[in-house]
Amino acid sequence: MSGARALQHAKRWPGWVLLVLVVAGLLAYGSTKDVGARTPEERVEEISKQLACPICDGETVYESRNTASISIRAEIRAQVTTTDAGDDEIIAYIVQQFGAQTQLLPRASGFESLVWVIPSVALVCAAVGLWFAFRRWRTAVDTVPDEQDRALVAAALAAGDGAGEAGDDT
Amino acid sequence: MLAEGLNGFLGHSALIVGLAASLFGAMAMIAAIRTRNPRLVRTVIPYGWLALVAAVVAVVAMERALITRDWSLAYVQKVGSYDTPALFNFTALWSALEGSILLWLLLLAMYTAIVMRRYRARLADPAVGWALAVMLLVTAFFFMLALGPTDAFREAAAPNFAMCCRGPNPLLQNHLLVMFHPPILYLGFVGFTVPFAFAIAALVTGRVGEGWLVETRRWALFAWGFLTLGIVLGGWWSYEVLGWGGVWAWDPVENASLLPWLTGTAYIHSVMVQERRGMLRVWNLSLLVATFSLTILGTFLTRSGVVNSVHAFSDGTIGPFLLGGFGVVLVVSLALIGWRGDRLRSPGAIDSPVSREGAFLANNVLLALFAFVILLGTVFPLIVEAKEDRQIAVGSPFFDAMTRPIGLVLLFLMAVAPALPWRKASGELLRDRLFWPAWCGAGTLALAVGVGATGWAPLLAFAFAGFAGGAAIRQLVLAARRQGYRGLLGRTNGGMVVHLGVIMIAVGLAASNSYTHAAEFTVQEGETVSFAGHTFTVVDVYDFSDERSVGIKADISIDGGQAYTPAISKYTAFGMDVATPSVKSSFVKDIYLTVENGTKPSTGTAKLKVFVKPMVMWIWIGGLLCGVGTVLAAFPGRNRRRPTDAVSAPVPLEEEIAGV
């Protein structure tokens, strides 16, 4: 089998099967690989990115440099280094201590849950709408041009030949 | 030379003349179209030029007031100071709401004049006439804003220098990018007025076919290019000025700039489906209306004080006016689309979802969903406050969680779509065309895993980015083989260069957000610390001062080489600390240094924060590629298609329907 024919053959199925196996293996290896424990500084950073500075204009505790954020970061650092609390527990503790306006992630309950629910509903509606649109389009050809229509188009094209401006490429 | 006190008079006069000129121009144009009077059409031209001259005079008067420190004007008292360096005194024009509206007005009047000049021979055509009338009406609206709620030339009492005249916000007098980011972003925002105006004209005249699309495609492309560059420059500014080491924080102002970008991106893709297949007419009109309205809504959200943002730099009373303008645009546009509903029915049909048009549709749905999620997240705190009278914040954790999957699917579509033919694709064709791009993706993934990348989301992003990059390069190589250098020109091929830019931005964001390492050190002068494979030696810690600020700097030698100098400046007039990072950039990673509060020159102690951020430079190069690709896409390629060439779906012959 010549090289070109072997390549053509590989492009049918074997090459694709191999590709799927390689990608799945790499993803499985990469996403489960143990990267070691996070340093306290990295934990402080991640937690402070999840909290809003209570007195700023829309900045996170991580970004903000004002005194309120500095003291929240210090509190997070103390929690990280002196307790066994997990990230979520520390976030809950800070929200309790510094007020609900520090919470950047809306709750998944009550009225706030709408911010999660509405996009999901929109996605479903969009997918269903797209499916119906494709179905309708695939059966949409219900008119057939007659001779008169064709003559009209031919005349319009002929008339436009001289006057057409530069169009575009696609 | 004019006396200083005349700036206000000159500015007000110019704005009044501009308002009158744009209103008269619009009315004259509408009257000319209705009476079919070509002589009346010619009278519109001087009005358009007069509006431009008025906008130029207003901006020059304000710049003159800023440069000469004309304290008789409230705006100069707000953003002017004797200590501001000349460059930042010049850019102070757009450092607060009133001056920003003047800049917007100037660009809008320029766009209007360019449209008028470009179509001067066809002004009697009702479609062009209505488009110009719409542009003049929008210009009049902004003149009205500049005269009323955002009057930059309002007189003020004699200044009390203890309370006023401190100059622009310190964040806006700290980096050269403030010279470029706002004007370029505004060129994008304002640029979408042109395709919007032609869309309204198409609806009013009933000529809703593909002609207006062909007329406006370059306008939309350039507006999109400027908006992209403006957003990327905004990210750069944030990175270089705010000192927190990031480029994007899902702040309301950032979101407001991204919203029209998303709908504009959807439009420049879906417009090809209409040109080619005569479909999606209502959708394309809606996208343009959405893009234009979102520029107004975004300005309302961020400039009216309803949402707080570190980038807002405003607390104006402009809200009701912008909201009113947004409402009028929306109601008029929807009413026109409803009125022309019968003419907007698509004559075309889609043969298969697995086709170029199918991919564009999916991309449009995703981009629209992306925009919807961001809009919802941005306004949701207002909704909660209105309903439950309590304040909540919706921030980056929400936006990251919601937009990550959408972004990944969009990257996948960018990989597959360029290989799809129009109408219908066979499995064999796809297996052939996507084979090497898919292996590019696998190779990229292997490389990423090889250098230690972890986590399913960033790994998937790298794999899809490699796949999409392979698909774009394949398309460019094939086009260059056929047509030489011209293979890089034209919408499809220029678009592939833009894709490469977007892919680089996506890779840069995925890598820098996922694999940044940071640490804080308290180090004495002469001491060295090690972190992430680098050494940091504190060479010197010292005080500095200039006319505007006092502060602390530290010279830090990285790996025993060149010293980098992060600083904290306290702008004395504001009492505000601004951290200025110092960054060692390379193609692979940035080392980003800041000094923190607690640094003491007296004891030679530096409190140092180090971020090691991979691949940030890819974001800036990606932005540049997007700009280059936009320019390439605007040049016609070799296979130019005339507007009169058949673009709608081919209609089957009777015998095909009956017999097959």
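In strand 6 of chain B, S569(B) is the bridge partner of G551(B). Strands here are DSSP runs of E with at least two residues, numbered from the N terminus, and two strands pair if DSSP finds at least two bridges between them. The model is predicted: local features need pLDDT of at least 70, side-chain atom pairs count only at pLDDT 80 or more, and totals for chains, interfaces and linings use all residues. Residues are numbered from 1 along each chain as its sequence is written, while chains are lettered from A and ligands numbered from 1 in the order in which they are written.

Strand 4 (residues 549-558) of chain B runs antiparallel to strand 6 (residues 567-571) of chain B, and five bridges join them. Strand 6 of chain B also pairs with strand 7 (residues 576-580) of chain B, again in the antiparallel sense, over five bridges. The following residues stand opposite each other in that pairing.

| Residue | Opposite residue in strand 7 of chain B |
|---|---|
| A567(B) | T580(B) |
| I568(B) | A579(B) |

Strands 6 and 7 of chain B form a hairpin with four residues between them. In the turn, G575(B) has a positive phi of about 65°.

Chain B is divided into four domains, among them domain 1 (1-158) and domain 4 (517-614), with bounds from an automatic or database domain assignment. The C-alpha centres of domain 1 and domain 4 of chain B are 45 Å apart.
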